[in-house]
Number of protein chains: 2
Amino acid sequence: MDILPHTANDVRRPRRTPVHAKLVEALRDMIVTGEIAGGAKIPERALCERFGVSRTPLREALKALAAEGLVELLPNRGARVAALTARDVIETLAIVGNLEALAGELACKRLSEAELQEIRSLHHQMLAHHARRDRLAYFRANQAIHQAIVQASGNAVLAQVYAALSGRIRRARYAANLNAARWDEAVDEHEAILAALAARDGPRLAALLRSHLANKSYALAGEPAHAND
Amino acid sequence: MDILPHTANDVRRPRRTPVHAKLVEALRDMIVTGEIAGGAKIPERALCERFGVSRTPLREALKALAAEGLVELLPNRGARVAALTARDVIETLAIVGNLEALAGELACKRLSEAELQEIRSLHHQMLAHHARRDRLAYFRANQAIHQAIVQASGNAVLAQVYAALSGRIRRARYAANLNAARWDEAVDEHEAILAALAARDGPRLAALLRSHLANKSYALAGEPAHAND
DNA sequence: AACATCAAAAATGCATGCACTTTTTTGCTT
DNA sequence: AAGCAAAAAAGTGCATGCATTTTTGATGTT
């Protein structure tokens, strides 16, 4: 229906995304949501059939995910989801905390009122989810806030690195709030974070973010890293 | 040419690395060293012939490098080396500086005498290269020192992320010392860094590393990001 | 029954081929 | 000659096929 040769519309229609790129997204989701468990083997054939594609783009996607660190490649023996040890999570959280602290400092220097309002709005949504004990919705709002702060830093590379690392431990971060007491605590910390952000107090915000993440780390240290859906 | 059929040697020879992995290495080198210029297109066919491989593993390698951020994929239009804008470099240096600061703090808590000696040795080699004005050798020793500090943090994820980011801006970091005055300054900064490390003064080391990297950033801000070999 | 050995089956790694898209060239019009 | 359209060439994207490696399972030995 849209095959009017060259004459009709010059508008370069939004080139459909390549199959391998779609597969990267799909597989990343499956891994992050735990649909494929950590450490599990990834059978090429089965997934090819499931997605209705050939092995070539699937394998390309696996190489990309391996470069991201979500997947491990075993030469001649296939691929498997990178298993997250507790240590991996703790190490990553230390880095993520540091990056958020940096982002917070930068954000304070350039945060617009609109951005602040957006974050404030997310914060209130998050509070509502907390009151309702809707863990998944809370988690999403929470992530959105952290992401928004990082975005507000104005450092695009930082945003990219943050997103990548963050994705790698997403499951574990979710698990970190399974403990009700820790959950309430985290909400309190977020109040302080919002206040520092509103006051554009960079150093204070940095310190808060760093300890917020460090606390997640403590919350996890006791529990198995995979105690998740 | 090396096709000895199945009978020959049972010894499970140290599984040769897959072609796609070798290509990742080779291409990364070509990009980092500038053999393929920033922004340049990457012609699949030509590289396949050059390496004597088919397009499949080459394309897999490109997907991996794209996930690393070294390469940009243009749907239906091939791949090209990600062009480093001055802004990219500055943004990345901010992150790298922060990561090194974190690494420094962690390293101070667990640095062994042997590790310190190793770094001290690298430091003196670096001084020698500086005295001789051997820029390349200096650069290598310098990188080795930073790498060693990051390794000494004991955080493997940090080391990996650091290496990846560092690689992305390797060319630019090299260029940052083209200015003789800045070069001398950098050497002085390294003296202070070594002192803080020897004293296991984490906060001080963190501050020094952060400003050391920030200074590189200033040094670059004025010059074109590609003013390199 | 436990173990080793070897053959069959399955899975991986890479090469090749075909369809489709983009780019370049050619030929025509103004 | 400049500009434009159609055709040709080149290049990319994915599917398929074959060789090799790994895994599984069967067979025979101790």
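I began with the ground rules: the model is predicted, local features need pLDDT of at least 70, side-chain atom pairs count only at pLDDT 80 or more, and totals for chains, interfaces and linings use all residues. Residues are numbered from 1 along each chain as its sequence is written, while chains are lettered from A and ligands numbered from 1 in the order in which they are written.

I looked up helix H5 (residues 113-131) and helix H6 (residues 135-152) of chain A, which pack at an angle of about 160° with their axes 8 Å apart; helices here are DSSP runs of H or I, at least four residues, numbered from the N terminus, and axes are lines fitted to C-alpha atoms over the stretch in contact, with angles from 0 to 180 degrees between N-to-C directions. H5(A) and H6(A) are therefore roughly antiparallel to each other, a term for angles over 145 degrees.

I then turned to DNA strand D, around which there are 22 residues, with Val19(A), Ser54(A), Thr56(A), Glu44(B) and Gly78(B) coming nearest (near: the C-beta atom, placed from the backbone, lies within 6 Å). H3(A) gives the largest share of this surface, three residues.

Last, I compared the chains: chain A can be laid on chain B with an RMSD of 0.2 Å by a turn of 180° and a shift of 0.1 Å along the axis, superposed by least squares on the C-alpha atoms of residues with pLDDT of at least 70 in both. That is the relation of a two-fold axis, and in chain A the C-alpha nearest the axis is that of Ala64(A), 2.2 Å from it.

Notes
Helices (H or I, at least four residues) and strands (E, at least two) are DSSP runs, numbered from the N terminus. Angles under 35 degrees count as roughly parallel, over 145 as roughly antiparallel, 65 to 115 as roughly perpendicular and the rest as oblique.
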